[in-house]
Amino acid sequence: MSSPRNLLEQWFPHASKPFIANAPMLGTANSTLSAAVTAASGFGFIGGGYDFSPESKQMSALSNELAATRKLLGLADKPNEPVPIGVGFITFHPSALPHFINVLKPILQQHKPAAVWLFAPAETNPGTHASIIPALKDFSQQWNMKVFVQVGTVSAARSAVLEGADVIIAQGVDAGGHQWTQGCGIVSLVPEIRDLLTSEFEGKEVVLLAAGGIMDGRGVAAALALGADGVVMGTRFITARESPAPETTKKVLLEARDGGATTIKSTVHDDVQGTGFWPVLYDGRAVMGESYRDHLEGVSLEDNVGKFKAAAKLGDASRRTVWAGTGVGLAREELSARDIIEGAQKLARKRIKDHFNHPSAASPPPVPTQSKPQHYQRRAVAHRLIPPYWRPDFAPSQPVSTNFKHEVGGGGW
Ligand SMILES: Cc1cc2nc3c(=O)[nH]c(=O)nc-3n(C[C@H](O)[C@H](O)[C@H](O)COP(=O)(O)O)c2cc1C
């Protein structure tokens, strides 16, 4: 039996190690971005959409995007060859259960993507993936299409494996965009899902990827150390040169710092922009912009929606939702997809190698001799951790600002 990392090599031989995919971000991950990611030896995903009704505009647009990707990757004259990219679908919509397969079967058979990604079934329709996955696998046997499922909890990972997923994406709450309302970071989620795969599904060929807050090689190395076989990055690729995101969005992302303070997980982003139809199981992380600040100030939803619509009419982008993960402060310049992937792979290898070459990796560091009484050391450490103006002995040389709202908001907009 192959190890999960070798499975990735077998299934997607064009992809180099460590495996890096772009997230199938609806509206951002198009043919240009996904082809650029695959061409750079990553794994490109297109955001396919959520409306599977027979008259769905999203699905006809998807067909065009898939044809464009095939062309961009130089496979237009080889229609029987699978395209080494995937398509992501959001599955909570009421049209998923009755129409997913009959609407998508002809599209996927025509374009033969190497993978499909499913995310966000409705809690009211728990059998959606259980019925979709076997049907997908059945009609795609000829080109061996793999099924990825993104999850935010260990129990959802268990369900996904039982339903037939080949790849589980453990999505932590650091992630940009939609995610489990109640979840945890990948530091806890990835190892616990790895343990689940080892203890409950031994011998089953399932790959584990990590998503959420991974922006460069340091995040990649960390994810591998936690037990992932590869990673998915979303926010970092929105800022890629090949990303179709508006310049205003890229500017907000590239200028944002300190993502824990400047982004927030909430349902308000959806409510204001008119996409509040997500099931309660999910919310979304975005940069705190004008609309969110108005919400904090007590502006009613109705008035906030009015302001959002008025700004959109005037072409004012300041109220647009900018979905982003907590790692946003690490994206400082627009890079090509190739530079993002190769840079992250190179840095991940270096971090892992340097760690094992470091003298401290060979033998444990000596235990420091205690030169001061223990209580004094503790106070010294605590003192360093406490901001000066919270210390009891603080005497301000200048008046202290009480404009906490401004400070907390970062003043970056
Ligand atoms: C702008 C944006 C759009 C997204 N759209 C989707 C989507 O359509 N389908 C999906 O499964 N995940 C979507 N996600 C979530 C990603 O799959 C992924 O979990 C996330 O980007 C990882 O976190 P990161 O952004 O910190 O890298 C989106 C994320 C962002 C930032």
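# Helices, a proline and a ligand shell

Visitor: Is the crossing of helix 8 and helix 15 left-handed or right-handed?
Guide: This is a predicted model, in which local features need pLDDT of at least 70, side-chain atom pairs count only at pLDDT 80 or more, and totals for chains, interfaces and linings use all residues. Helices (H or I, at least four residues) and strands (E, at least two) are DSSP runs, numbered from the N terminus. A crossing is left-handed if the near helix is turned anticlockwise from the far one by less than a right angle, and right-handed if clockwise. The crossing of helix 8 and helix 15 is right-handed.

Visitor: How is helix 8 oriented to helix 15?
Guide: Residues are numbered from 1 along each chain as its sequence is written. The axes of helix 8 (residues 217-226) and helix 15 come within 7 Å and cross at roughly 55°; axes are lines fitted to C-alpha atoms, for helices over the stretch in contact, and angles run from 0 to 180 degrees between N-to-C directions. Angles under 35 degrees count as roughly parallel, over 145 as roughly antiparallel, 65 to 115 as roughly perpendicular and the rest as oblique. Helix 8 is therefore, relative to helix 15, oblique.

Visitor: How many residues of the contact of helix 8 with helix 15 are charged?
Guide: Contact requires C-beta atoms, placed from the backbone, within 7 Å. Among the residues that meet are Arg-218 in helix 8 and Lys-346 and Arg-351 in helix 15. Ala, Val, Leu, Ile, Met, Phe, Trp, Tyr, Cys and Pro count as nonpolar, Asp, Glu, Lys and Arg as charged, and the others, Gly among them, as polar. The contact divides into 7 nonpolar and 3 polar residues, and the number of charged ones is 3.

Visitor: How are helix 4 and helix 5 oriented to each other?
Guide: Helix 4 (residues 96-111) and helix 5 (residues 128-139) pack with axes 10 Å apart, at an angle of about 20°. The contact includes Phe-100 and Ile-101 of helix 4, with Ile-132 and Ala-135 of helix 5. The two helices are therefore roughly parallel.

Visitor: How many of the residues of helix 2 are buried?
Guide: A residue is buried if 20 or more other C-beta atoms lie within 10 Å of its own, exposed if 12 or fewer, and partly exposed in between, with C-beta atoms placed from the backbone. What covers the buried residues of helix 2 (residues 31-39) includes strand 1, helix 3 and strand 3. Of the 9 residues in helix 2, the buried ones number 8.

Visitor: Is Pro-84 buried or exposed?
Guide: Pro-84 is found in strand 3 (residues 83-90). Pro-84 touches Phe-12, His-14, Thr-38 and Ala-114, not counting residues up to four places away in sequence. Because 23 other C-beta atoms lie within 10 Å, Pro-84 is buried.

Visitor: Which residues come nearest to the ligand?
Guide: A residue counts as near a molecule or strand if its C-beta atom, placed from the backbone, lies within 6 Å of it. Strand 3, strand 7, strand 9 and helix 9 each give two or more residues to this shell, which divides into 14 nonpolar, 14 polar and 1 charged. Of the 29 residues around the ligand, those that come nearest are Phe-119, Gly-176, Gly-177, Gly-234 and Gly-325.

Visitor: What share of the residues in the protein is buried?
Guide: The secondary structure comes to 18 helices and 11 strands. Among the 413 residues in the protein, the buried share is 43%.

Conventions. Contact = placed C-beta atoms within 7 Å.
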